[in-house]
Amino acid sequence: MQLFLDTTDTKVLADLAATGLVDGVTTNPSLIAKSGRNMLEVIAEICGIVEGPVSAEVSAMDTATMLAEGRKLAGLAPNVVVKVPLTREGLVATAEFAAEGIQTNVTLCFSASQALLAAKAGASYISPFIGRLDDHGAEGMDLIAEIRAIYDNYDFDTEILAASIRSSQHVKEAALAGADCATIPPDVFLALFKHPLTERGLQQFMADWKGTGQSIL
Ligand code: G3P
């Protein structure tokens, strides 16, 4: 499973990328706004921190302008993935990007039917929003399983990028459901390392080791 960070905080990203466990980054207009920075600058900086895919979202609602924006974003770095909304206009743009060899991440996916269309349009990634479906009273994880089944039925190449992740439980369940990738907020990524029994066990090991009076070096 590829683990992406869902962030524009380049300091936090650089710190967590040093673990060697960060495979890519996703951003969106809300995260860009939160950063308070110029979008083109922050995307270029992120692309210099991680070698993997970096999703940068278009702001236009019409196909022609999406294409112009996406081509500009793709020109920032070879690892830019152009993020487009799951609309009719977005999927027309997706098909053109695919023809031009530009990688795409189709975002704001909330149904298996939408995901089917995105795959047919040639999307590189599909981003089903688990947390927002949960917030809406649905079972967001069911959507991952449905998309997995449909994509496997027809051997689609589009990768399932589980998004709107709220917990380490979401990451586990998305992996069990067969998502290819998950994009994770930094605090959830850090939570993946943690378990109280690991901490307790380590304390005991260290206490027992100290009692031996030995040194390995
Ligand atoms: O960036 C895509 C997605 O992960 C954002 O989800 O619900 O946390 O805004 P959310």
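**Exercise 1. Which residues surround the ligand in this predicted model, and how do they divide into nonpolar, polar and charged?**

Solution. Start by listing the shell: D6, N28, K83, F129, R132, A163, S164, R166 and T183 surround the ligand. Next, sort these residues by type. The shell divides into two nonpolar, three polar and four charged residues.

**Exercise 2. Which side chains have a polar atom at 2.8 Å, 3.4 Å or 2.7 Å from an oxygen atom of the ligand?**

Solution. The cut-off to keep in mind is that a polar contact joins N or O atoms within 3.5 Å. Take the side chains one by one. For N28, a polar side-chain atom is 2.8 Å from a ligand oxygen. For K83, the distance from a side-chain N or O atom to an oxygen of the ligand is 3.4 Å. For S164, a polar side-chain atom lies 2.7 Å from an oxygen atom of the ligand. Now look at the cover: on its own the ligand has 310 Å² of accessible area, and the protein covers 84% of this. As for its place, the ligand sits in the largest pocket.

**Exercise 3. Why is the pair of F4 and Y125 edge-to-face?**

Solution. First, the count: there are five aromatic pairs. Then turn to the rings of F4 and Y125, whose centres are 6.1 Å apart. Their planes meet at 70 degrees, so the pair is edge-to-face; the cut-off for this label is over 60 degrees. Finally, find both residues in the chain. F4 belongs to strand 1 (residues 2–6) and Y125 to strand 6 (residues 125–128), so this pair links distant parts of the chain, 121 residues apart.

Methods: Residues are numbered from 1 along each chain as its sequence is written. This is a predicted model: local features need pLDDT of at least 70, side-chain atom pairs count only at pLDDT 80 or more; totals for chains, interfaces and linings use all residues. Side-chain values use heavy atoms; hydrogens and water are left out. A residue is near a molecule or strand if one of its heavy atoms lies within 4 Å of it. A polar contact is a pair of N or O atoms within 3.5 Å; within protein, one must be able to donate a hydrogen and the other to accept it, and residues adjacent in sequence count only if both atoms are side-chain atoms. Accessible areas come from the Shrake-Rupley method with a 1.4 Å probe; for residues, only the protein chains shown count as cover. On a 1 Å grid over the protein atoms alone, a cavity is a set of points where a 1.4 Å probe fits but cannot get out, and a pocket is an open set with protein on both sides within 12 Å along at least five of seven lines; lining residues have an atom within 4 Å of a point. A molecule sits in a cavity or pocket if more than half of its atoms lie within 2 Å of its grid points. Ala, Val, Leu, Ile, Met, Phe, Trp, Tyr, Cys and Pro count as nonpolar, Asp, Glu, Lys and Arg as charged, and the others, Gly among them, as polar. Rings of Phe, Tyr and Trp (its six-membered ring) pair if their centres lie within 6.5 Å; planes under 30 degrees apart count as stacked, over 60 as edge-to-face and the rest as tilted. Helices (H or I, at least four residues) and strands (E, at least two) are DSSP runs, numbered from the N terminus.
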